[in-house]
Amino acid sequence: MSFASLGLIDPLLRNLQELNYQTPTPVQAKAIPAVLSGKDVMAEAQTGTGKTAGFALPLLQRLVQHGPAVSSNRARVLVVVPTRELAEQVLQSFVAYGKGLDLRFLAAYGGVSLNPQMMKLRKGVDVLVATPGRLLDLNRQNAVQFDQVQTLVLDEADRMLDLGFSRELNAVFAALPAQRQTLLFSATFTDDIRAMASSILRGPVNISVSPPNTTASKVKQWVVTVDKKNKPDLFMHLVAENHWQHALVFVKTRNGVDYLAAILDEAGYAVDTIHGDKPQPARLRALNRFKTGEVQMLVATDVAARGLDIDDLPLVINVDLPIVAQDYVHRIGRTGRAGASGVAVSLVCADEAPQLAAIEALIRQTLPREEVSGFEAEHRVPQTNATGQVIKKPKKPKKPKVPQATPGGVPAPSKQPRRQSRESKRKPAVQRTANASQTASVSNGNPFGAKKPRSQPSSKPATGSRKPAGKPAGGHSRRRP
Ligand code: AMP
């Protein structure tokens, strides 16, 4: 099947040729004709399926073919998205697919000043991509009125509900013209999404392109069990041993992001971060540097989990599991795109067993587990399976404590002297250089848990790391709290 056979016009076909899109993906094959004919659509499609082009291409065509021209402070197509990253990504898709068409596009989201967005809306825009809160702000200030909206797209609708945007969405629905086309895209179809769909869609074309809640099948996924406090060292060990050179790394907290970024930097990797406290331009810069390969390791919190448009990413490392199981699917959605094969490894500690169980239930598979020698978990991670249950081992009945009498009548110590901890026996996997400015943030503490100082300095050189120019090579181990 070709894009031409779906009824797309020449300027769009030329742009697709330039982008080297040869054949439509399954969601595109189904969505493009439906959207072109003006129908409502309800599509179950996750990131990586090509869903953006599935709605952007036919909507661009409708904008070109159907007037009237947009008036000031109006928009003709409204795309509502959960995050600023996704807003930027969708905007870039419209710009790329719509190159050469005389149309105006804008992305509007919170966290940046309102004024430039208001200025750009003065002339009106054909496509406005916006997050729900900012869209309502702009509407309340009369910067954008909705009377010319002909199509509403809800992209990643499940994520918007997860993020608590349902009230804002209802306010948007109420303010839009009743006569309009509505397209709803969601990675998963929960009861809440179905309820929303039934209230806003009219006779929709239903599209489902992958079995619900499955991760891309070409992605090799596995779990490494480990104690929480040892996660940073295991992470560095895996990176070095496997010669991983370009990866998206997810961590639960901002402190965790900074900590891992510092130790990666110290080991000589080019690294950048994305988290909620970072201003939007800095986030976009980090993403672009990662895409161009200038940055090898991009360490991110959940805020970046959705909407990052990174093709053919070979590797996602979950140093922490996401709290919401669906975010796992979205994280893994970044690998194995458009036919590429990928790897997704998750470091899981005992506390995370319920999250692991929820993820396995969602993706309907039990993830294979591994232990890495020297990093075996002292706190056992309970077994889980695809039913979503954490399988607890029955506790052994405790033996009653009987104080042992010594010949002198003094009770013997109840415990044996502690064996040498695994911590002190293990050699760190990555040799690190001493550099006061870089170790500063590292020495502030391991946010993954307190650790005893190492007994020996590092002796094993990094296998996969590249030494930064100008940094002295040395055998110093990183200072630890
Ligand atoms: P999406 O699911 O919309 O986030 O798209 C996933 C990725 O696939 C994007 O980077 C697109 O550029 C790419 N893509 C979308 N459609 C096609 C296609 N028909 N052929 C090749 N790549 C595509």
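**A walk through a predicted model**

If we take the contacts in the chain with a separation of 6 or more, then 78% of them are accounted for by residues 24 or more positions apart.

Seven strands form an open sheet, and the order in which they lie is 3-4-2-5-6-1-7, with parallel pairing. As a reminder for those new to this, strands of a sheet pair through backbone hydrogen bonds, and the pairing is either parallel or antiparallel. Which strands stand at the edges of this sheet? They are strand 3, residues 105-108, and strand 7, residues 205-208, each of which pairs on one side only. From one strand to the next, the twist averages 15 degrees.

Now please look with me at strand 4, which covers residues 125-130. On one side, strand 4 pairs with strand 2, residues 75-80, in the parallel sense and over five bridges. Within that pairing, Leu-78 has Leu-128 of strand 4 as its bridge partner, and Val-80 stands opposite Ala-130. Strand 4 also pairs with strand 3, again in the parallel sense, over four bridges, and here Ala-107 stands opposite Val-129 of strand 4. Is strand 4 mostly covered or mostly open? It is mostly covered, since six of its six residues are buried.

Helix 4, residues 84-97, lies across strand 2, strand 3 and strand 4, and runs at about 175 degrees to strand 3. Helix 5, residues 114-121, lies across strand 3 and strand 4, and runs at about 155 degrees to strand 3. Together, strand 3, helix 5 and strand 4 make a β-α-β unit, and that unit is right-handed.

Let me turn to a pair of helices further along the chain. Helix 13, residues 325-332, packs with helix 14, residues 353-363, at an angle of about 65 degrees, and their axes are 8 Å apart. Helix 13 passes helix 14 in a right-handed crossing. On the side of helix 13 the contact is made by Ala-325, Gln-326, Tyr-328 and Val-329, and on the side of helix 14 by Ala-358, Ile-359, Leu-362 and Ile-363. By class, this contact has seven nonpolar residues, one polar residue and no charged residues.

Why does Val-249 count as buried? Val-249 counts as buried because its relative accessibility is 0%, and the cut-off for buried is under 20%. Leaving aside its neighbours within four places in sequence, Val-249 is in contact with Phe-235, Leu-260, Met-297, Leu-298, Val-299, Ala-300, Ile-317 and Val-319. As for Ala-261, which is 12 residues away along the chain, its C-alpha atom is separated from that of Val-249 by 9.6 Å.

Note on methods. Residues are numbered from 1 along each chain as its sequence is written. This is a predicted model: local features need pLDDT of at least 70, side-chain atom pairs count only at pLDDT 80 or more; totals for chains, interfaces and linings use all residues. Side-chain values use heavy atoms; hydrogens and water are left out. Two strands pair if DSSP finds at least two bridges between them. Helices (H or I, at least four residues) and strands (E, at least two) are DSSP runs, numbered from the N terminus. Axes are lines fitted to C-alpha atoms, for helices over the stretch in contact, and angles run from 0 to 180 degrees between N-to-C directions. Contact means heavy atoms within 4.5 Å. Buried means under 20% relative accessible area, exposed over 50%, partly exposed in between (1.4 Å probe, protein chains only). A crossover is right-handed if, with the strands pointing away from the viewer, the path from the first strand over the helix to the second runs clockwise. A crossing is left-handed if the near helix is turned anticlockwise from the far one by less than a right angle, and right-handed if clockwise. Ala, Val, Leu, Ile, Met, Phe, Trp, Tyr, Cys and Pro count as nonpolar, Asp, Glu, Lys and Arg as charged, and the others, Gly among them, as polar.
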